[in-house]
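Hi there,

Here is the structure I promised to pass on to you. Have a look at it first, and then read on for what turned up.

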Protein chains: 2
Amino acid sequence: MLNRVEDEDLTVFIVSDSIGETAETVVNAVISQFGTDQIEIKKFTNITSIAKLSEVVSRAKDRKVIIAYTIVLPELCEHLKKAAKAAEIPIVDVIGPAMLKFSELLGQKPKLEPGLNRQLDQEYFERISCIDYAIRCDDGKELKKLEEADVVIIGVSRTSKTPLSMYLAHQGYKAANIPLMPEVDVPQELYELSAKKLVGLTIDPTVLQEIRQERLNSMQFKKQADYATMDRILKELDFAEEIMKKLGCMIINVTNKSIEETAHKILSERSDL
Amino acid sequence: MLNRVEDEDLTVFIVSDSIGETAETVVNAVISQFGTDQIEIKKFTNITSIAKLSEVVSRAKDRKVIIAYTIVLPELCEHLKKAAKAAEIPIVDVIGPAMLKFSELLGQKPKLEPGLNRQLDQEYFERISCIDYAIRCDDGKELKKLEEADVVIIGVSRTSKTPLSMYLAHQGYKAANIPLMPEVDVPQELYELSAKKLVGLTIDPTVLQEIRQERLNSMQFKKQADYATMDRILKELDFAEEIMKKLGCMIINVTNKSIEETAHKILSERSDL
């Protein structure tokens, strides 16, 4: 029987035989639909023995806890189900139902080894080399390497070029980024690239002003007196837009878009990647 | 009824009303337990209408397809379940069962808005500022900013300091990294930091040799003639180990560890973070 949470906050125990990232992703997606202020998350990782599992279950007893788990070993799963039922702790099996369905469809038993999705393979090393690339080619640093890029991001200061490059690198794409500023010549290398590889980022000027103001406040010294003035911002955005049109590249307005959404937009328009 | 896949490869359709990252994470965890060479993944994102959903289902017909979905709108979920059943397409609801259980426990209905976990909030902007920090403090670049760091990673070349810093930044931690080399003085700033913040990376010398050889091959020019020789590698690793011991920091052997695992190890030992 499930008890409604009324007097007390709910704690989610994430229990995993590996590092718990899959369960955490699902739990975050779910609790975002409720409002997170009343929900606390505790992670229990590398839970690969009955003893460790029993310890977690005993910590969950007599509290408002739900257990979300990813455990591949069947004997551990069975133990958790029984122990949780006995203690009246609600549980959510994050990968079990999908695992069962895939197993039936493939006519194969799963390997039942914890942490297999963290194994080092070619794809993994490529991801690391993409991160190296993104760092080397951040902020216009290595123009000679631009032609190696899968994506070259351009835009004015504080349009999230760097975090977007890093996110794309994590996804296994080589991303470079180049700042646009009226006082600095646009590198000739940009005109030599296929326009398809270029992505221009733009943003609502009032939002950019807030972001830049925040940036100035967080810095010890004042970078430039006019960095966050509306005049300066409009001048920069106009300049950038003109360059982007000249280059003929895709333009994305990142106002109120998360990095993940912007990256997704780029990748879904680039069928060659 | 589920058909076993024998003659043909299985395709997983990931169907999401947002960008599909949650479903992709779960599907990757599941297929890692089977062997990915026979499974193809196709993503269908921003599926927020019955029309778009019907189009996806019709593309799945008469093929070996399983649909893994994250859809929060109940009418779309219902439509998908019915259409898939009629077409005999197996489906996996990635967040529905968890959503239902949380809803019961909280005594609340979910907000039913797609993409809520991608909303921009304070945490999000902190993550971006951590990525900025990690880039500025990559490879020993800004020693003056070291005291702001949550974690300072040290180690010889090619022990994955940079990707680890970026991963930690993505998780919302300020990570700096500093290379160790016998010919270069260890920055005084390291000795002024709390040893608790320092993480030394070490690695099996033969694995490091392979990684460095790979690195040399991928570079246009030879960086250093002895970069990948065993003598040089042993000398560097000995030197680094000595420094790490002097600093009294945590030492992690990253041989055959993924970045996620190393990061997890750091975070689980740092209860203050």
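The sulfur of Cys249(A) lies 18 Å from the closest cysteine sulfur, in Cys137(A), so the two are too far apart for a bond. A disulfide here is a pair of cysteine sulfur atoms within 2.5 Å, and the count over all chains is zero. Buried means under 20% relative accessible area, exposed over 50%, and partly exposed in between, using a 1.4 Å probe and protein chains only.

Before going further, please keep in mind that this is a predicted model: local features need pLDDT of at least 70, side-chain atom pairs count only at pLDDT 80 or more, and totals for chains, interfaces and linings use all residues. Residues are numbered from 1 along each chain as its sequence is written, chains are lettered from A and ligands numbered from 1 in the order in which they are written, and side-chain values use heavy atoms, with hydrogens and water left out.

Now to the interface. Chain A brings 73 residues to the contact and chain B brings 73 residues, where contact means heavy atoms within 4.5 Å. About 6800 Å² is buried between chain A and chain B, with carbon and sulfur atoms giving 65% of that area. Buried area is the accessible area (1.4 Å probe) that two parts lose on being put together, summed over both. Of the area that chain A buries against chain B, Gln33(A), Phe34(A) and Leu105(A) supply 12%, more than any other three residues.

Six salt bridges cross between chain A and chain B; the rule asks for a side-chain nitrogen of Lys or Arg within 4 Å of a carboxyl oxygen of Asp or Glu. Arg158(B) forms a salt bridge with Asp132(A), their closest N and O atoms being 2.8 Å apart.

Lys196(A) is partly exposed, with a relative accessible area of 48%. Leaving aside residues up to four places away in sequence, Lys196(A) touches Arg270(A) and Asp272(A).

Happy exploring!
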